[in-house]
Amino acid sequence: MPKDSFGHQLYLHAQTTPLFTHHNKDKNDYAYIINRLVVTHDIYHVLLDVDTTFASEARIAGFSSIQHPYYLSPIINVCAGLIWCSLNHPHRVSRVIDEFIKGRNIGKDAKKVFHIEWDSLYEEKAETVRADLNIVL
């Protein structure tokens, strides 16, 4: 993949964080939807240009909470994480909340992304993919 491509950035992300692959043997709509949500999480790291720190995960959770409003896992994870963070690293709490809000704002302005065939975009420039989806960082 070209160095500035979306696919290359996903590859670089996979070098530091193994991509999560979830293989549910059930063949029903619910299993497909959950599998799709889990697998696209790594793609959101590239779309939002964030690493895997807790604050960055909060941004992805904020984005996901807007893009997939009935999927409560991101919100539950952030709430549990905020409790842990407030007990162990209280100085980080405001940053985590700020990142969650930033993710929500990005998600509000962005086009819906659940249906996208990501593999057709791998060779596109990452900035073009973001622009086409109205993802403003």
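The legends below describe close-up views of a predicted model.

Residues are numbered from 1 along each chain as its sequence is written. Because the model is predicted, local features need pLDDT of at least 70 and side-chain atom pairs count only at pLDDT 80 or more, while totals for chains, interfaces and linings use all residues; side-chain values use heavy atoms, with hydrogens and water left out.

**View A. The buried residues of helix α1.** Helix α1 covers residues 6–16, where helices (H or I, at least four residues) are DSSP runs numbered from the N terminus. Its buried residues are F6, G7, H8, L10 and H13, buried meaning under 20% relative accessible area and exposed over 50%, with partly exposed in between (1.4 Å probe, protein chains only). These residues pack against α2 (29–47) and α6 (126–132).

**View B. The crossing of α1 and α2.** The axes of these two helices come within 9 Å and cross at roughly 110 degrees; axes are lines fitted to C-alpha atoms, for helices over the stretch in contact, and angles run from 0 to 180 degrees between N-to-C directions. The two helices are therefore roughly perpendicular to each other, a label given to angles of 65 to 115 degrees. The contact, defined by heavy atoms within 4.5 Å, involves F6, Q9, L10 and H13 on the α1 side and D42, I43, H45, V46 and L47 on the α2 side.

**View C. Aromatic pairs.** Three aromatic pairs are counted, with rings of Phe, Tyr and Trp (its six-membered ring) pairing if their centres lie within 6.5 Å, and with planes under 30 degrees apart called stacked, over 60 edge-to-face and the rest tilted. One of them, between F6 and W118, is tilted, at 5.9 Å centre to centre and 35 degrees between the planes. This pair links F6 in helix α1 to W118 in the loop between α5 (93–109) and α6, 112 residues apart. F6 is buried, with a relative accessible area of 1%, and W118 counts as buried at 4%. Y44 and F63 form an edge-to-face pair, 5.1 Å centre to centre with 70 degrees between the planes. Since Y44 lies in helix α2 and F63 in helix α3 (residues 54–67), this pair ties together parts that are 19 residues apart in sequence. Ring pairs also link F6, W118 and Y122 into a cluster.

**View D. The loop residue K27.** K27 is placed in the loop between α1 and α2, and it counts as exposed at 79% relative accessibility. From C-alpha to C-alpha, K27 and V50 are 33 Å apart in space, and they are 23 residues apart in sequence.

Conventions: Angles under 35 degrees count as roughly parallel, over 145 as roughly antiparallel, 65 to 115 as roughly perpendicular and the rest as oblique.
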